[in-house]
Amino acid sequence: MIELENVAYSYGGGALLSEISLQLAPGSFYFLTGPSGAGKTTLLKLCYGALQPTSGAVTLFGDDVSRLQRDGIAALRRRMGVVHQDCSFLDHLTVTENIALPLRVSGRQTKAAQEDLTELMAWVGLTHRAEAMPPELSGGERQRAALARAVIMSPDVVLADEPTGNVDWEMSQRLLRLLVELNKMGKTVLIATHDLSLIRAAKSQVQARVLRIANRQVQLAGADL
Amino acid sequence: MRLVDVKRLVFGDRQADKVVPPSGFTAQLTVFAAGAMAFLAVFALALSLASGRLAARWGDELAQSSTIRIVAPMDQRAAQTEAALGILETTAGVAFARALGEDEQQALLAPWFGTELDLRALPVPQLIEIIEEDSGFDAAGLRLRLAAEVPGAILDDHSQWRAPLVDAANRLRLLGWISAGLLGASVAAMVTLAAHAALAANAQVIAVLRLVGATDRYIAQAFIRRFTLRAFGGAMVGAVVAMAMVALLPDASERAGFLTGLSFQGWHWFLPFLIPLLSAVVAFLATSAAANRTLKRLA
């Protein structure tokens, strides 16, 4: 579903990533790790079509990203759930409305969807915060709201960029459990993180593969973490 | 712009607006500016229509009639009048010609001399009224013939003083239309600026919407809808206020009948209602262009 073939990406200065070939297997659980500035976020952005590779080809759900029009990219985003590093909410809408935003922009605000939404809010433990505004949320609540928004369209893939970046250990465990549950429902999960203890904690719950960015390339790390 | 799009814009997902935060003060500025433009546009329209009427009326009335003055000693006057009428009968393009009677001339001069004066005591020229056919006649040719046969006749086809007046009225009308056009362009410029400002201020919102899978069309619509409705609403208020003021203008009196009232006449009263509609169309196009330009630059 997500395939990178000999992909390179460079910002003005120089190459950040090069010769990356990667194929995410459906239903698997991945961690993407590497030092800060190694290009984790960039690689994720390549995976959801926010960036075009400088060279090579990114294929998402069978479509070459470089050939997609803007509407094609929009359609693609509805099939992928993305948890962004900074969550990116609309601050003038309530938490519920923010979580339902993907439904609204794709015109799928049906009654059934409304029930799903209630269930989803309960699943991430935000029912009591439904009418709160995003700026009123704590770090952990924001991350859970972002996760709920990412999965409301029931995507095949969930991409999360440092979902545990700003939360304490207990909350990061809770988020991890939610992501593992999603994976058990058959969704492919890719989490970018520099938190190795999170990866270790995950290994006891799910068979996770670890991709490490080093020297501008992605390597499949062994079980030696 | 397809009909479906317009329908969706008017009746579509009203909630879609909500994804863009309300903008308060700047929104009111847009409404105010659209209203002010519409207000001015109604006057430009009234001016254009009035000067159009004026040009048409002066043109029509004066073009169809001419006058011959017979200035001759009293004893020759009747003979010269007869001769002139004879020439006119054989002139192509003259539909009808007749000498004005004494009482008619008296009535014409009454404003200056009063009704008591006996005109026979004065060497007042005899007037002959000529009604032209639509094709008109050859004034220069007629003058030559009159000069040869009726020395006391002077042909006045009114064109000397009519032409500049009609020209002026036509120029005034053109000025009115240019003003209306400029006002329309100003609405477009104002809305474009406001839309750019709104799009720039909401770059973050747009980025979030893109990330959750909103199409450009969806995002643009939230902006387009707002600005179109604001321009329409503002222009409607401005136009109605201006129309009320036009309606309250004093009517041009009978005495000043060669001028014309600035007020709208008959079905022309419906024309100002086109201004809000046009404003809405202009705002729609301007916002669409601005939104599409801006969105293409964003990831």
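**Close-up views of a predicted two-chain model**

**View 1. A salt bridge in chain A joins Glu141(A) and Arg129(A).** The closest N and O atoms of this pair are 3.3 Å apart; a salt bridge is a side-chain nitrogen of Lys or Arg within 4 Å of a carboxyl oxygen of Asp or Glu. Glu141(A) belongs to helix α6 (residues 139-151) of chain A, while Arg129(A) sits in the loop between α5 (111-123) and α6, so the contact ties together parts that are 12 residues apart in sequence. Helices (H or I, at least four residues) and strands (E, at least two) are DSSP runs, numbered from the N terminus. Glu141(A) is buried at a relative accessible area of 11%, whereas Arg129(A) is partly exposed at 21%. Here buried means under 20% relative accessible area, exposed over 50%, and partly exposed in between (1.4 Å probe, protein chains only). The model is predicted: local features need pLDDT of at least 70 and side-chain atom pairs count only at pLDDT 80 or more, although totals for chains, interfaces and linings use all residues. Residues are numbered from 1 along each chain as its sequence is written, chains are lettered from A and ligands numbered from 1 in the order in which they are written, and side-chain values use heavy atoms, with hydrogens and water left out.

**View 2. Salt bridges that share partners link Arg70(A), Arg210(B) and Asp216(B) into one network.** Within chain B, the closest N and O atoms of Arg210(B) and Asp216(B) are 3.1 Å apart. Arg210(B) is buried, with 3% relative accessibility, and Asp216(B) is likewise buried, at 10%. A search over all chains of the structure finds six salt bridges.

**View 3. Glu104(B) and Arg98(B) meet in a salt bridge.** The N to O distance between these side chains is 2.8 Å. Glu104(B) is partly exposed, at 31% relative accessibility; Arg98(B) is partly exposed too, at 28%. Side chains of opposite charge can pair when their charged atoms come close.

**View 4. Four strands of chain A form an open antiparallel sheet.** The strand order is β2-β1-β4-β5, and two strands pair if DSSP finds at least two bridges between them. Strands β2 (14-24) and β5 (63-64) stand at the edges with a single partner strand each, so one side of each is left without a neighbour in the sheet. Five bridges connect β1 (residues 2-11) to β4 (residues 55-60) in the antiparallel sense, and Glu3(A) has Thr59(A) as its bridge partner in β4(A). Helix α1 (residues 40-47) of chain A packs on the sheet and touches β1, β2 and β4; its direction makes about 130° with that of β1(A). Axes are lines fitted to C-alpha atoms, for helices over the stretch in contact, and angles run from 0 to 180 degrees between N-to-C directions.

**View 5. Phe43(B) lies in helix α2 (residues 25-63) of chain B.** This residue is partly exposed, with a relative accessible area of 27%. Apart from neighbours within four places in sequence, Phe43(B) is in contact (heavy atoms within 4.5 Å) with Ala242(B), Met245(B) and Val246(B). Between Phe43(B) and Glu149(B), 106 residues apart in sequence, the C-alpha to C-alpha distance is 53 Å.
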